[in-house]
Amino acid sequence: MGFFLNYHYYLLSVLLLLPALSYSEDTFTCSRATYYGSPDCLGTPSGACGYGEFGRTVNDANVAGVSRLWKNGTGCGGCYQVRCTVPKLCTDYGVNIVVTDYGEGDHTDFILSPSAYSKLGRPDTADELFAYGVVDVEFRRISCKFKGYKNLMFKVHEHSRFPHYLAIILLYQAGQNEILAVEIWQEDCKEWRGMRRAYGAVWDMPNPPYGSITLRFQVSGSMGMTWIVANNAIPGDWKAGVAYESDIQLT
């Protein structure tokens, strides 16, 4: 747990000051976008959301770091349609991205993976678009849909230490939903214990209950504001780095 506190202390001290903003699925907002370097054009496994390898490849690597849309980490996993506004270079639709990282650019809302940035442009204008470096865009919030995955998954973070320290990440967060809180059922006390948002999309707890883990999490978005219970979401012999599929589908 000390690793999380030391590594992300400065990042969190800054991010917690950022305001929470919301954007409609029907209305486009004007902004700017840029891209970050990547040797394979994919996302980064070290993104501030804490997704690891998932953040590198999810959504065919069409991912982004954000600033105003970060929402103190609640914005992790959100999906947006982004399209650039240079008629001779840009496609009409643009690209759908998943938020996997925090990043600030030159008055930009999105720092896109090279894969995502290239999809803003027409097939024969990609090089010219990259030469711009920063481009004017419009964006709107959209529902997340993951090809081949419908059920929410709970991944035990690699820095968890069985049985004394548990950190989890929620993957394949469909719809227009944000996770506001996560709690673990403490059977011996017959009460819910809140997990801490360690950083980004990572929730943690020292000395978690023994046995299978039942979770509940508070969702806000296209499903309204509600608590969802995941019974026996994580087995009693959980292992760091393993993702466990639930039967829960967010819409």
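A: First, a word we'll need: buried means under 20% relative accessible area, exposed means over 50%, and partly exposed is anything in between (1.4 Å probe, protein chains only). This is a predicted model, with local features needing pLDDT of at least 70, side-chain atom pairs counting only at pLDDT 80 or more, and totals for chains, interfaces and linings using all residues. Numbering starts from 1 along each chain as its sequence is written, and side-chain values use heavy atoms, with hydrogens and water left out.

Searching the whole structure turns up 3 disulfides, a disulfide being a pair of cysteine sulfur atoms within 2.5 Å. Count the bonded cysteines along the chain and the pattern reads 1-2, 3-6, 4-5.

Take C49 and C76, whose sulfurs sit 2.1 Å apart. Their link is left-handed, with -95 degrees about the S-S bond. It ties together distant parts of the chain, 27 residues apart: C49 is in the loop between β1 and α2 (53-57), and C76 in the loop between β2 and β3. Those labels are DSSP runs numbered from the N terminus, helices being H or I with at least four residues and strands E with at least two. Both cysteines are buried. T74 also lies in the loop between β2 and β3, and it counts as buried because its relative accessibility is 13%.

Next come C79 and C144, joined S to S at 2.0 Å. The torsion about their S-S bond is about 115 degrees, so this one is right-handed. It too links distant parts of the chain, 65 residues apart, running from C79 in strand β3 to C144 in the loop between β6 and β7 (153-156). C79 has 5% relative accessibility and so counts as buried; C144 does too, at 3%.

That leaves the disulfide between C84 and C90, 1.9 Å from S to S. Its torsion is about -120 degrees, so it is left-handed. With 5% relative accessibility, C84 counts as buried, and C90 is buried at 4%.

β3 itself belongs to a barrel that 6 strands close in the order β1-β5-β2-β4-β3-β6, with mixed pairing; strands pair here if DSSP finds at least two bridges between them.

What about C30? The closest cysteine sulfur, in C84, is 13 Å from its own, so the gap is too far for a bond. C30 is exposed, with a relative accessible area of 62%. C189, meanwhile, counts as partly exposed at 45% relative accessibility.
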